[in-house]
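Me: I should like a close look at the aromatic side chains of this model and at the residues around them. Please treat the matter as one connected account.

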Amino acid sequence: MLKSFLYKNLTEAGCDEAGRGCLAGPVVAAAVILPKNFKNSELDDSKKLTAKQRTYLRDIIISSAIDWKVAFVDNSAIDEMNILRASIKAMHLAIEGLKKEPQFLLIDGNRFYPYKEIGYRTIIKGDGKYLSIAAASVLAKTFRDDLMEKIHSEYPDYGWNKNKGYPTSFHRKALIEHGITPYHRKSFNLFDTQLKFQF
């Protein structure tokens, strides 16, 4: 069972992101404030859940949370600032979008830049340890997946409805056959063949 909080007397927001390792699409982050008494035995790191479970849990999280917000940073911004900075920017935007300002932040991973004067703790594999981070991971993942399925209809050759922009062999092959789209991250190694394209 995941932990409900780190500090019982502080309003905590769990933060996580989705899409860091993708070749296309945005990086998406979520911030979630759950009630201290929130319990759910099914909620876990989104990567350990099926798509059906994530969709089911998203509705529970949204209806149960004291506050939540999802933020997107697109591929152009990722190319400009690098994926780490873009991921943290997405987290900052999600935190900023909360109507209720948290007193403490639980951050998945090991890197973060301070947001305002709010205290925080980075927690490696935090999405498998704290309910609020797991909730953020589910929201970030499901909202990003929904977007990738939507833009798949614009560029159906890359299989984004299935791979969600991750570097599968199908996606890599489609890049070689069809080239890049406006959604691809030019700063990433898009081609296994190491071909250098002029942009």
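Reply: In this predicted model, a search of the whole structure finds 7 aromatic pairs. One of them joins Phe112 and Tyr120: the ring centres are 5.0 Å apart and the planes meet at 65°, so the pair is edge-to-face. Phe112 is buried, at a relative accessible area of 8%, whereas Tyr120 is partly exposed at 31%.

A further edge-to-face pair is formed by Tyr155 and Tyr183, with 5.9 Å from centre to centre and 80° between the planes. This pair links distant parts of the chain, since Tyr155 belongs to the loop between α4 and α5 (160-163) and Tyr183 to the segment after α6, 28 residues apart. Tyr155 has a relative accessible area of 27% and therefore counts as partly exposed; Tyr183, at 22%, is also classed as partly exposed. Tyr155 and Tyr183 belong to one aromatic cluster together with Tyr158 and Trp160.

With sequence neighbours within four places left aside, the contacts of His184 include Tyr158 and Trp160 of the cluster, and among the others are Leu23, Ala24, Asn75 and Asp79. The side chain of His184 also makes a polar contact of 3.0 Å with the side chain of His171. The relative accessibility of His184 is 1%, so this residue counts as buried.

Aromatic rings also meet charged groups. Arg185 lies over the face of Phe188, 5.1 Å from the ring centre. The charged end of Arg58 sits over the ring of Phe143, at 5.0 Å from its centre.

Arg58 directs attention to helix α1, where the buried residues are Arg54, Leu57, Arg58, Ile60 and Ile61. These buried residues pack against β2 (27-33) and α4 (131-152). Helix α1 comprises 14 residues (residues 51-64); at 1.5 Å a residue it should span 20 Å, and its end C-alpha atoms are 20 Å apart, which agrees.

On the α4 side, Ala135 lies within the helix and has 0% relative accessibility, so it counts as buried. Beyond its neighbours within four places in sequence, Ala135 is in contact with Ile61, as well as with Val32, Leu34 and Leu43. The C-alpha atoms of Ala135 and Gly14 are separated by 7.6 Å, although the two residues are 121 residues apart along the chain.

Note on methods
Residues numbered from 1 in each chain as written. Predicted model: local features only at pLDDT ≥ 70, side-chain atom pairs only at ≥ 80, totals over all residues. Heavy atoms only, no water. Helix = DSSP H or I, 4+ residues; strand = E, 2+ residues; numbered from the N terminus. Expected span 1.5 Å × (residues − 1). Buried < 20%, exposed > 50% of the residue type's maximum accessible area, 1.4 Å probe, protein only. Contact = heavy atoms within 4.5 Å. Polar contact = N/O pair within 3.5 Å; in protein donor to acceptor, adjacent residues only side chain to side chain. Phe/Tyr/Trp six-rings, centres within 6.5 Å; stacked < 30°, edge-to-face > 60°. Lys NZ or Arg CZ within 6 Å of the ring centre and 35° of its normal.
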